[in-house]
Structures are given as C-alpha cells and as structure tokens.
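Please keep the sequence and the structure in view while reading.

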Amino acid sequence: MEVHRNYKYEIYPNKIQTDLLNNHFFTSNQAWNLMLDFKIKELKTQSILQKQDRKYTNFNDLYENVKSSLKSRTLRYNTGVIQDKMRNLDNTFKLFYTKKSEGQGFPKFQSSRDNEQSFVIRNQATSWTSTHLKIFKNKIKWKFHRDFPSDAKFNGGVIKRESDGKYYAIMNLTFNVEEPIIESTLSCGIDLNVNNLAISSSDGTSSLIKLKDFSKSKYSKKFKKLQQQLSRRHLKKNFSKNTKRLQLQQNKIQRKIKNQKEDQFHKISNDLTNKFASIIIESLKIKDIKESLMTFLNKLISDVSWGALIQKLKYKSEMKNKFFREINPAYTSQRCSKCGHIHKDNRKSQSSFLCTKCGFQWNADLNASHNILNYDSWSPVQKTLISTWKSESLLVQA
C-alpha cells in the first residue's frame, strides 16, 4: 500500500545560512503580497465591466510582473520559491471561490514580522546526508533522528521557522507499507472529552483514559505576566526588540506545551491502533463548537486539541491497515446504551447518566462511548432522527 507522509527534522543554520533562510521567507511573502495586491486591483477594475468583457491576467504574466517588482527593489530571490508561493496564492483564490459559502475567507496579506514563516523546497535542488541537508547549494546541519524508508520517494518539502524561533525541514515522502496481519478482531468506540477519553470495547470492557492537564504551564504566573506585558505593548503598538523578546519567551512556553501534547497523543494513538482492529469516533465539527457562545468551554477545547489526536488516529490506522470510522455525534450522550431510550434529561450532569425510562445508571462518557461502538445497532427510527438532526447546539445535543 502506497502512503504519503511528512518527516520533520530540526535544522541548525549558521549565521550566514540563517540570513539566507530569512531572506527567502521575506521575498516569498513579498511575492505573495505583490500578487495579491495586483489581483485585488484587477478584480475591482474588472467588476465594473460586463461579464463577457472581463479579462484576467494569466499566471505567467503575473509572475513576470512580480519578478520585475522584486528586481526593482534589488531583492535577492529564488525563482522556485517565488513560483511556489504564487501558486499557493492562486490555489487559495480557487478555494475561496469554490468554498466561499462554507466560510472560506478571502486571502490576506502576509507579514514578515511574525515568527512563524515558511517556504517550499523541491527535489531538484535538494539533497541530504545523515549530517547535513543541502538546499540552494548550502549544507545545513540537521538532526537526522529518523531514517527514510528504503523505497521512499522525495516529493519536496518545506523549510519552516516556528513560533519559538527554531528552524525545521519537513520532508514529504511517498513509500510502500506492507499491510500487516491484523491479529486483533476487537472494535472500540471513543467519546472525546476535555478531561478524558472514554473507551468501550467489543469484548465488553470500558475504561477512561485521563488526559494530562497542561493548563498549569500555559496559565502559570510567568505566562500570565508575559501576556499582560505584551497586551500593554500591543495596545501602544510597540514592536521594539524587547517586545519581540517577550513574544519569543511566550512562544517557547507554548511550543513546550504543544510538544508535550504531541507526545501524549502519539502514545495514546499508538496503543489504540495496536490493540483494536476497528476504531469508531464521533465526527466533531470542532471549529463550530469553538465558535459557540460557551466561552468557558472554548478555552478547554483549545487546550485539549482534539483535532491533533483524531489526525494521528487516522493516519496510524491507515498505516497499520486498521479500520477507522467517524459517525454523526447526534444524541450519543442522550441515548441509553441499555434500552435505547433518547431524552435530553437522561444526562444528569457532565459525568452522570440516568435513564428516565429504564433507570439504567452509568458514567455519562462511558455510556456515550458504548453508543458510539454500537452505532449500527441503533433502531431505524433513531437513525431517521439522526438524519434530520440540526446542529443548533453541538455540545448540548451530542
């Protein structure tokens, strides 16, 4: 089975190489902004014409226009980096016009002041050894902690500077994975919560996996103090070196927390995909939930990062030839897993479930995970109810 995967490595550019990478970040942003500015002006000009009279500049002419602008400012640039950035903007415009009704926003100008920056590299100008990554004829030291599969094909990659100021190379590879023999025949249903994961297995067992609380680090006295200092400076529109230094300190704390979360989710997803042949989980619209009016829950949902765990479960299930399925979350927390009765009063609290019909009492999260596991056994009437369900309040209904 052929799969596409990203391998991430930290790189250690020297002073000259750092300046080179920063220059590529800057010029690629400028190419994006020049093209975006041109497109906005062109859209305004063409909008006053009849539809049949409208003519838009093609990509090649836009590219020549951007190159001329960069040359007039005596900026050094790499043609491949510039072309990739412009193609990216072109694709963003197409996405905007095709998914505007789904909330896709209009492209925005990019700032080179942000710590997070990136540009694309291609295989024509890229090579590597176990000690160095060679791009644009520059050998940059890197930590090659994970070897590539023997049959891996390099499709290109990204050079990235993250919020904590560290530099990384993300290598996109295509390779074949031998389909393993699935020893387990067990299935599980998973209910996601801000404090734990509720898991019900087809062998009749149920358990709660407690998620680590990283809020003590994120909302520590040091973090809060940095946040207050930065808030005052941003109000005054202060972008001095001291402001950048404070922002970098805050970013390092956030990066440390993110790494701890990633480690936790890698371990959990690896254990689950090793143990179960089939994993069933709710298809949550996390963005819609976070945009709800329940602000106290928004912060908790952002902190727990459900999306990161779901993504890891997906790709590890694929690599291990396991079955991964997402189901409609409607009524999974309101349905009694014993008699099937659905009522909003069944869930007495966040952790307590008591069926108003049969009196069945259980942990609310475990009850939901059992409903998720046995989703196919729901009655036809209940499935009709799900199909007509409107997500007016995702957290209450689910």
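The model is predicted, so local features are reported at pLDDT of at least 70 and side-chain atom pairs at pLDDT 80 or more, while totals for chains, interfaces and linings use all residues. Residues are numbered from 1 along each chain as its sequence is written, and side-chain values use heavy atoms, with hydrogens and water left out.

## Salt bridges

Across the whole structure, a search finds 15 salt bridges; the term denotes a side-chain nitrogen of Lys or Arg within 4 Å of a carboxyl oxygen of Asp or Glu.

Exposure is stated as relative accessible area: buried is under 20%, exposed is over 50%, and partly exposed lies in between (1.4 Å probe, protein chains only). Helices (H or I, at least four residues) and strands (E, at least two) are DSSP runs, numbered from the N terminus.

K15 and D19 both belong to helix α1 (residues 15–47), and because they are four residues apart, about one helical turn separates them. K15 is exposed at 59%, whereas D19 is partly exposed at 38%.

R87 and D84 lie in helix α3 (residues 79–99), where a spacing of three residues again amounts to about one helical turn. R87 is partly exposed, with a relative accessibility of 41%, while D84 is buried at 8%.

In the remaining pair, E162 is buried at 2% relative accessibility and K160 is partly exposed at 24%. Through salt bridges that share partners, K8, K160, E162 and R255 are joined into one network.

## The largest pocket

The largest pocket holds about 990 Å³ of space. On a 1 Å grid over the protein atoms alone, a pocket is an open set of points where a 1.4 Å probe fits, with protein on both sides within 12 Å along at least five of seven lines; lining residues have an atom within 4 Å of a point. Grid points are joined across faces, edges and corners, and the volume is the space filled by probe spheres set on the points.

There are 24 lining residues, and those closest to the centre of the pocket are N6, Y7, K8, E262 and H266. At least two lining residues come from each of β1 (2–12), β7 (167–176), α6 (241–275) and α9 (306–319). With seven residues, β1 gives the most to the lining.

By class, the lining has six nonpolar, six polar and twelve charged residues. Here Ala, Val, Leu, Ile, Met, Phe, Trp, Tyr, Cys and Pro count as nonpolar, Asp, Glu, Lys and Arg as charged, and the others, Gly among them, as polar.

The expected span is 1.5 Å times one less than the number of residues. The buried residues of α9 include W306, L309, I310, K312, L313, K316 and S317. Seen down the axis, the buried residues of α9 fall within an arc of 160 degrees, so they line one face of the helix; the arc is that of the directions from the helix axis to the C-beta atoms. Just after α9, N321 takes a positive phi of about 60 degrees.

Helix α2 also has 14 residues and reaches 20 Å from its first C-alpha to its last, close to the expected 20 Å. Its buried residues are L62, Y63, V66, K67 and L70. These lie within an arc of 140 degrees when seen down the axis of α2, and therefore line one face of the helix. K71 and S72, on the other side of α2, are exposed.

## Single residues

T74 has a positive phi of about 50 degrees although it is not a glycine. T74 sits in the loop between α2 (59–72) and α3, and is exposed at 69%. K137, likewise a residue other than glycine, has a positive phi near 65 degrees. K137 is in the loop between β4 (132–135) and β5 (138–142) and is exposed at 78%.

I268, in helix α6, is buried with a relative accessible area of 10%. The C-alpha atoms of I268 and L197 are separated by 9.8 Å, although the two residues are 71 residues apart along the chain.
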